[in-house]
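Please load the model in your viewer and keep the selection tool at hand; the stops below are meant to be followed in order.

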Amino acid sequence: VHQKQCTLVVDSVDAEDNIRRVFGETLLGPAQFRNHNRPKANEEEDFDPSFPRDARPNFYNEFNWFRTNEATEDYDELCLDMLVKFTHFTPKEMRSRPHDKLGVPPPPPESASGLFDCFDGSD
């Protein structure tokens, strides 16, 4: 972290939300182990029933330890806003019309229908 913030330039709120979700889980741990109101030590399904409960890790405490060791005057614990700043842009050709999910490619043009084999999952 070293008190430096990275700026990411994105083309939509959807893109920012997706990046926040992925970075959040990758850098801070899964959401269920970050909930201070309902702390969860681990997931039952992640362990064989024969594995002793008292030998299972407490992921809430472990992730919390790493996050709180990065606390600053402005933040009680490590969070994405300490690491990443988002800047939004709109391409010139899109300024006159709203866009949703700009990064999602459009379907192929009708004139190219003979160039592709398209499968819709049905038989």
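Which residues are buried in H1? Before selecting them, note that this is a predicted model in which local features need pLDDT of at least 70 and side-chain atom pairs count only at pLDDT 80 or more, while totals for chains, interfaces and linings use all residues. Residues are numbered from 1 along each chain as its sequence is written, and side-chain values use heavy atoms, with hydrogens and water left out.

Select Glu16, Gly24 and Leu28, the buried residues of H1, where buried means under 20% relative accessible area and exposed over 50%, with partly exposed in between (1.4 Å probe, protein chains only). Helices (H or I, at least four residues) and strands (E, at least two) are DSSP runs, numbered from the N terminus. Viewed down the helix axis, the buried residues of H1 fall within an arc of 65°, so they line one face; the arc is that of the directions from the axis to the C-beta atoms. Arg21 and Thr26, on the other side of H1, are exposed.

Next, select Gly29, which follows H1 with a positive phi, near 100°, and which lies in the loop between helix H1 (13–28) and helix H2 (59–68). Gly29 is buried, its relative accessible area being 3%. Beyond its neighbours within four places in sequence, Gly29 is in contact (heavy atoms within 4.5 Å) with Gly24, Arg34 and Phe63.

Finally, select Phe86, which, when residues up to four places away in sequence are not counted, touches Leu8, Val10, Glu16, Ile19 and Arg20.
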